[in-house]
Amino acid sequence: MNYSTIKKTAVAASLVAALGFADVAQAQTVFGGRSQYRTWSIGVQGGITTPNVLIGGSNNFGQKVGYFQNKVGEYYGLTVRKQFSHLFGLELEGNRGSIKTYNHDVSGPKAENALGAQSAKTDVNWAASLNGVFQLGTIDFLRRENSVNFYAKVGLGVLANNPVQFKNNEFGGGEVYNNKGKWGSEIFGDRENTGDRDFKLSAYVPVGVGAKFKLSEVVALNLGYTMNFTDDNLLFGPGRSDVKGKFSNVYGGLEFTLGSRDKQNLTFANPVATMYDELKDPSLRNEVEALKQRVSTLEGTVNALNTDSDGDGVSDKFDKEPNSPAGAVVDGSGRQIKFPEPVVNNVTSSNGYVAPIQFEFDSSVLKTQSYATLDKVAKEVRDNNSSVTLDGYASAEGSEAYNVSLSKDRANAVKQYLVNAGVASSKITANGYGEANPVASNATEEGRVQNRRVEIKK
């Protein structure tokens, strides 16, 4: 085998490996994992050979290609395949048989090679190759599992063969060339014949297509056609050219999938079908309906938690006083908080007292129930052209410095509301005193609620 041929076969092998193992890497996540599928299979096959290929070209036996016609030979063998995904598998293939060619007198004048041979028969003692098998028809949008698969394959192998040439057309009547028992020192097709073997070795590349028909969960019918390109210019014995030999074989056979019948055959798996499980599987459909019911129940629970009949900011489920008056200040349980000074018209008493503006824990956001009070305060300040002082306070949680800042933010939130209501900013003074001057004990939540406030002083 020359350097150019070695390079070509190495490239072919590298291509098979690259395509194969790239697909193997993808297959790690195939449909939840290969463990749920049957991936090993063995096959038996038999067919015929011819000394030509579909893409044309000539062999080296004879002066002109047209003078030497095909004659079929037998070819049979075994396969072992590992399927890595629905798209790719690796196959070990072994065959044996014969390849025949002979002179057809009708096609032109008698043509003989230098030895006077009119026909040749090459005995294939064995042929072994490792093939990458690429499945081309694994997607079917109408069926969950395919019953027919189309595939292509390419590989690299070794062919052990011995060509015999005959004087006559019928492969008998006088051998003019037979090197059996003398092969051995050649290296994949060299002409040296000083050995003692019955066959020579040649590298070859099989390239083929085929179709598989699923007969049962275990058995499939396999039909195919393969072109075999060798690196041997002695495939049919000595000739008048240095053309590398080639031949093709047509075959049919049965493939048997190994493993538990409870698992699906990955060769015929349809990945698109997994998207339609809900339509095909009643148990999954029932599970989806159950999930929908659970979601509906959760939505009802959320709606119930959001119901606040008296509008005090505490949902009915947790409200200890579900009928609080509108605008009432309540604690975290929805109970109205009683302040020491009576409120007249929800704003100002006879002595100028205004109910404090309450805030949630760690918040400076105004509650909606404060708006009515602040609107009336703003009107009163505008009408009287008076001024107002806002003193912000916090409960005792957190650091003192943080609470001073928080109380200042609360006072500024009230100030901003009054400014937006038409009070001049210069008429408003906002202070933050943090935990100072509590109006109730910070030891209880009810007391802390009262201390989260802004006092309005005119």
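Is arginine 38 buried or exposed? At 2% relative accessibility, arginine 38 counts as buried, where buried means under 20% relative accessible area, exposed over 50% and partly exposed in between, with a 1.4 Å probe and protein chains only. The model is predicted, so local features need pLDDT of at least 70 and side-chain atom pairs count only at pLDDT 80 or more, whereas totals for chains, interfaces and linings use all residues. Residues are numbered from 1 along each chain as its sequence is written, and side-chain values use heavy atoms, with hydrogens and water left out.

The chain holds six helices and 16 strands; helices (H or I, at least four residues) and strands (E, at least two) are DSSP runs numbered from the N terminus. Buried residues account for 43% of the 458 residues. The accessible surface amounts to about 23100 Å², and carbon and sulfur atoms contribute 56% of that area; accessible areas come from the Shrake-Rupley method with a 1.4 Å probe, and for residues only the protein chains shown count as cover. Among contacts (heavy atoms within 4.5 Å) with a separation of 6 or more, 66% are between residues 24 or more positions apart.

Strand 7 (residues 148-166) pairs with strand 6 (residues 119-135) in the antiparallel sense over 16 bridges; two strands pair if DSSP finds at least two bridges between them. Within this pairing, valine 133 has lysine 153 of strand 7 as its bridge partner. Strand 8 (residues 175-178) runs antiparallel to strand 7 and is joined to it by three bridges, with tyrosine 177 of strand 8 as the bridge partner of glutamine 165.

A search of the whole structure gives 18 salt bridges, each a side-chain nitrogen of Lys or Arg within 4 Å of a carboxyl oxygen of Asp or Glu. Arginine 38 forms one of them with glutamate 217, at 3.7 Å from N to O. Glutamate 217 lies in the loop between strand 9 and strand 10 (219-230) and arginine 38 in strand 1 (residues 37-38), so the pair ties together parts that are 179 residues apart in sequence. Glutamate 217 is partly exposed, its relative accessible area being 37%.

Lysine 153 takes part in a salt bridge with glutamate 91 (3.9 Å, N to O). Since glutamate 91 belongs to strand 5 (residues 88-103) and lysine 153 to strand 7, the pair ties together parts that are 62 residues apart in sequence. Lysine 153 also meets glutamate 93 in a salt bridge of 3.1 Å, N to O. This second pair links strand 7, through lysine 153, to strand 5, through glutamate 93, across 60 residues. Lysine 153 is buried at a relative accessible area of 5%, glutamate 93 is buried at 7%, and glutamate 91 is buried as well. Threonine 79, in strand 4 (residues 73-83), is buried at 7% relative accessibility. Beyond four places in sequence, the residues touched by threonine 79 include Glu91, Leu92 and Glu93.

The largest nonpolar core has 20 residues, of which Ile357, Leu366, Leu374, Leu390, Val414, Leu418 and Ile456 touch the most other members; such a core is a set of buried Ala, Val, Leu, Ile, Met, Phe, Trp, Tyr and Cys residues joined through side-chain atoms within 4.5 Å. Two or more residues each come from helix 4, strand 14, helix 5 (400-420), strand 15 and strand 16 (453-457). Helix 5 gives the most to this core, with five residues. Leucine 374 is in contact with Ile357, Leu366, Val414, Tyr417, Leu418 and Ile456, leaving aside neighbours within four places in sequence. Apart from this core lies another of ten residues, including Ala127, Leu159, Tyr204 and Phe236.

Aspartate 391 is found in strand 14 (residues 388-392) and is buried, with a relative accessible area of 5%. The side chains of aspartate 391 and lysine 457 are joined by a polar contact of 3.3 Å, that is, a pair of N or O atoms within 3.5 Å in which, within protein, one must be able to donate a hydrogen and the other to accept it, residues adjacent in sequence counting only if both atoms are side-chain atoms.
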